[in-house]
Amino acid sequence: MRKKAGFAIFIPMDIIPQLIVNSIIAGAIYSLVALGFNLIYGTAKFFDLGYGVLTAVGGYAVFYFSRTLGFDIYVSIVLGVLLAGLVGFVIEKIVYKKLRARKASSMVFMVAALGVMTTLQAIIAILFSSQFQVFPATISTQTFQIFGGVITGVQCIALVLSILIMFSLVLVLRFTKFGKAIKAVSDDAEVSKMVGIDTDTIISKVFFIGSAIAGLAGILVGFDTGIEPTMGFSLLLKGVIASIIGGVGNIYGGVLGSFLLGFIENFGIWKISGEWKDAISFSVLILFLLFRPNGILGKKL
Amino acid sequence: MDYFVHIAILIGIYSILALSLNLIVGYTGLLSITQAAFYGIGAYTTAILLTAFGMNFFLSIVVGMIITGILSLAIGYVLSKFDGDYFALGSFGFNIIVYSIFLNWQSLTRGPLGIPGISKPVLFGLDFSDNLIFLILVIVLAVGVYFISQFITRSSFGRVLKAIREDEKAIKVFGYNTLFFKLTIFVIGAMIASVAGSLFASYITYVDPTSFALSESIFILAIIILGGLANNKGAVLGAICLVILPEALRFVGFPSDIAAQMRQVTYGLILIVLMLYRPQGLLGEYKL
């Protein structure tokens, strides 16, 4: 029984460090998904709901390469990331590119993306069954103690990788020609076409990079807990919610939103119950859409 | 024979759902991906009222409609603050929230175990436990819903809905309170979906949360997009196609769990191909 003294709620101090650790880890994973999602949203300008399933593509690729084909786990990871990127790239080529050429409305894109999501998810389930699976090997078995909270080695790697990717993405966007082209396309695709930027190529590359990041997120989740065909969907939703909380199309906003969401979820279920996690995140989304639709860092439309 | 009756009942239930969603998506242009939530609320209302209180099935339909009406009014009001993509995303969110309520409010819904033993309807001594008689009930209700939809969409009210879909700002300038129209049709659509839910619960005699997940909303959306938006005949045609098509897959001889996934693949591909080559569907009068 939790005691309540006066109007101060009794807080068991020993859980707090663990909750903080869990929030940060969740935030790191979400921020990977949000980064890729924002990158794609920024250039292609639609909510790519099919994006989430690429996390499952990455996760299952590692599962297949390492377990069925017996590849080294690190080789499998690299192949998994590349495969996720490739699948995203191909989908862009055969579906979204044509829709873009036809100047389809954003709703058409969204419905097509729902189709992509449903199809890929079911194909994965057919190939690997819809059971929850774990990888045959792991990349770290260590656990660390931080101020009374436990963090596993896998989670540390996830955290470090997310931060690395975040920074490299920022550097690429800031200092390379490619990054500047991405920014130009995000700002105004028509004008960038006029000044000679090959927008289609840029968008294709962005899809590859974004999807590869999603694949990595899926792989990290696979090492942390395990994989199932529908995993991408909830990850995607978290990424989308985080992006909207932070400000859609804004990379820093997405990261900020992800960590915020991580904290809200983990501290929310501490008081309510684990099963309500998704409902909590969606309630947060709806509150944000109602009261601050541009997110924390979003520009005024 | 039993098998064909079963398929016909499913077609009837999905026609009702498709007609209800078509009012919202097709005629009013609100891309709502939450219809399965209202379908589920109707189903659970009937399930709980019949198993716990032994209420009459037809009364439970009415109670379900009232509950769905109130909830959809609240949900629709929140959603009315958004437009375009954000509307779709928000509606998505409500489906997830309602689904997790079905899943986690265990004292009411028994969570993932579901509610078994829902009785078949009885009215004035007429027992609907024979599937053929149940089919007649479904057909009567589906035809009723069809004519109600026709009536709504051909009335002056329906013309305002189409005007909102084409240009909401312009119709506002003419002094129409578009919020009222959007909310009304959202609630009507939700209440009709609730009827389908009650029928489903009583027919299958068992409900569990998975029948009302987001994928079900996407399925209903696929039906009306295939049949054609803003066309009531299209909604029924879509329901016929998408209920029969996966049955064909069953005869090809896939094991049942793979057949279920093949269905998903089919819906997904249909959505993609339609968006690429025929966004207005088979009989559609409106393109997304």
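**Exercise 1. How many residues of chain A are in contact with chain B, and which element of chain A gives the most residues to that side?**

Step 1: Counting two residues as in contact if their C-beta atoms, placed from the backbone, lie within 7 Å, we find that 32 residues of chain A are in contact with 32 residues of chain B. This is a predicted model, in which local features need pLDDT of at least 70 and side-chain atom pairs count only at pLDDT 80 or more, while totals for chains, interfaces and linings use all residues. Residues are numbered from 1 along each chain as its sequence is written, and chains are lettered from A and ligands numbered from 1 in the order in which they are written.

Step 2: Helices are DSSP runs (H or I, at least four residues), as are strands (E, at least two), numbered from the N terminus. The elements giving two or more residues to this side of chain A are α3 (73–101), α4 (106–128) and α11 (277–291), and α4(A) gives the most, with 16 residues.

**Exercise 2. Describe the make-up of chain B and explain why it counts as compact.**

Step 1: Chain B has 12 helices and two strands, and from the N terminus on its elements run α-α-α-α-α-β-β-α-α-α-α-α-α-α.

Step 2: The radius of gyration (taken over C-alpha atoms) of chain B is 18 Å, close to the 19 Å that the globule rule (2.2 Å times the number of residues to the power 0.38) gives for 288 residues, so chain B is as compact as a globular protein of that length.

Step 3: Along its principal axes, the C-alpha trace of chain B spans about 55 × 45 × 35 Å.
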